[in-house]
Amino acid sequence: MTVLVGKKAPNFQSPAVTAQGELITFDSNKIIDQYILLFFYPLDFTFVCPSELIALNNRINEFKKRNVAVHGISIDSQFTHNAWRRTPVNKGGIGELNYTLISDINHEICRTYGVEHAEAGVALRASFIIDKSGIVQFAYRYTYCNDIPEYWQLKVELEAVVGKK
C-alpha cells in the first residue's frame, strides 16, 4: 500500500452511487483538476462503518473548500450502497451523503490499492490522498477501527498536499 505513495494512482472504472443518489459508472480518469480523498471501508450495514462515513460527511465542506473530491469504496454493490444511503441513521443506515460511494464487488480496486484483507475478503479501512496530477501523496491503513485518524489528522495531511485554506 505505501508503495503507491509518490506513484500514479491506479485508474479504475466501477459502478457507484453519487451524492445525488444517481447510479453511474465511476471513472477515476475523469477526475481532473481536483484533489481526491479515496477511502476504503469493509462493508455497508455494519455497526462501525456508519460513524466513519457520517463523520466524513459532516466535514464535507472542509474538503470542498480545499477542492478535494471525497469517494468511499467497499466491496458492496452500488445497489447496496444506495439502499444504505436511503436507510435512516436511526435504523442502521447512513442517510444521504454528499460524496460518491463506489462499488468494488469484484475486489479489483482494493487489491490494486493493496487494501484487501487476505482472509476476510473485504477492504481494510484505508485512506489515500491523491493530488491534481494523479499522484498518491498519502496512504494510511487503519489497524483497528478505533485507529481511524481523526478529521484533524486528515486535515493536516491535506494541508501538507493542498495547502491551507
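The legends below describe close-up views of a predicted model. Local features are reported only where pLDDT is at least 70 and side-chain atom pairs only at pLDDT 80 or more, whereas totals for chains, interfaces and linings use all residues. Residues are numbered from 1 along each chain as its sequence is written, and side-chain values use heavy atoms, with hydrogens and water left out.

**View 1. The open sheet has 7 strands in the order β2-β1-β5-β4-β3-β6-β7, with mixed pairing.** Strands (E, at least two residues) and helices (H or I, at least four) are DSSP runs numbered from the N terminus, and two strands pair if DSSP finds at least two bridges between them. The edges are taken by β2 and β7, each of which has a single partner strand, so one side of each is left without a neighbour in the sheet. On average, neighbouring strands are turned by 25 degrees against each other, direction ignored. Within the sheet, β3 and β4 run parallel and are joined by 6 bridges, and Leu-38 has His-71 in β4 as its bridge partner. Helix α3 lies across β1, β2, β4 and β5 and runs at about 25 degrees to β1; here axes are lines fitted to C-alpha atoms, for helices over the stretch in contact (heavy atoms within 4.5 Å), and angles run from 0 to 180 degrees between N-to-C directions.

**View 2. The hairpin of β6 and β7 has 5 residues between its strands.** These two strands pair in the antiparallel sense over 5 bridges, and the bridge partner of Ala-126 in β7 is Arg-141. Gly-134 of this hairpin takes a positive phi near 85 degrees.

**View 3. The largest nonpolar core contains 24 residues.** Such a core is a set of buried Ala, Val, Leu, Ile, Met, Phe, Trp, Tyr and Cys residues joined through side-chain atoms within 4.5 Å, where buried means under 20% relative accessible area, exposed over 50%, and partly exposed in between (1.4 Å probe, protein chains only). The members that touch the most other members are Phe-12, Leu-38, Phe-40, Ile-102, Tyr-113, Val-115 and Phe-128. Two or more residues come from each of β3, α4, β6 and β7. A second, separate core of 18 residues includes Leu-53, Val-70, Trp-84 and Ile-129.

**View 4. The whole structure holds 9 aromatic pairs.** Rings of Phe, Tyr and Trp (its six-membered ring) pair if their centres lie within 6.5 Å, and planes under 30 degrees apart count as stacked, over 60 as edge-to-face and the rest as tilted. The rings of Phe-12 and Tyr-113 have centres 6.5 Å apart and planes at 80 degrees, so this pair is edge-to-face. Phe-12 lies in the segment before β1 and Tyr-113 in the loop between α4 and β6, so the pair ties together parts that are 101 residues apart in sequence. Both Phe-12 and Tyr-113 are buried. The pair of Tyr-41 and Trp-84 is tilted, at 5.9 Å centre to centre and 35 degrees between the planes, and links the loop between β3 and α1 to helix α3. Tyr-41 and Trp-84 are likewise buried. One aromatic cluster is formed by Phe-12, Phe-26, Phe-40, Tyr-113 and Phe-128.

**View 5. Asp-33 has a positive phi of about 60 degrees although it is not a glycine.** Asp-33 lies in the loop between β2 and β3 and, at 56% relative accessibility, counts as exposed. Asn-67, also not a glycine, has a positive phi of about 60 degrees; Asn-67 is found in the loop between α2 and β4 and counts as partly exposed at 26% relative accessibility.
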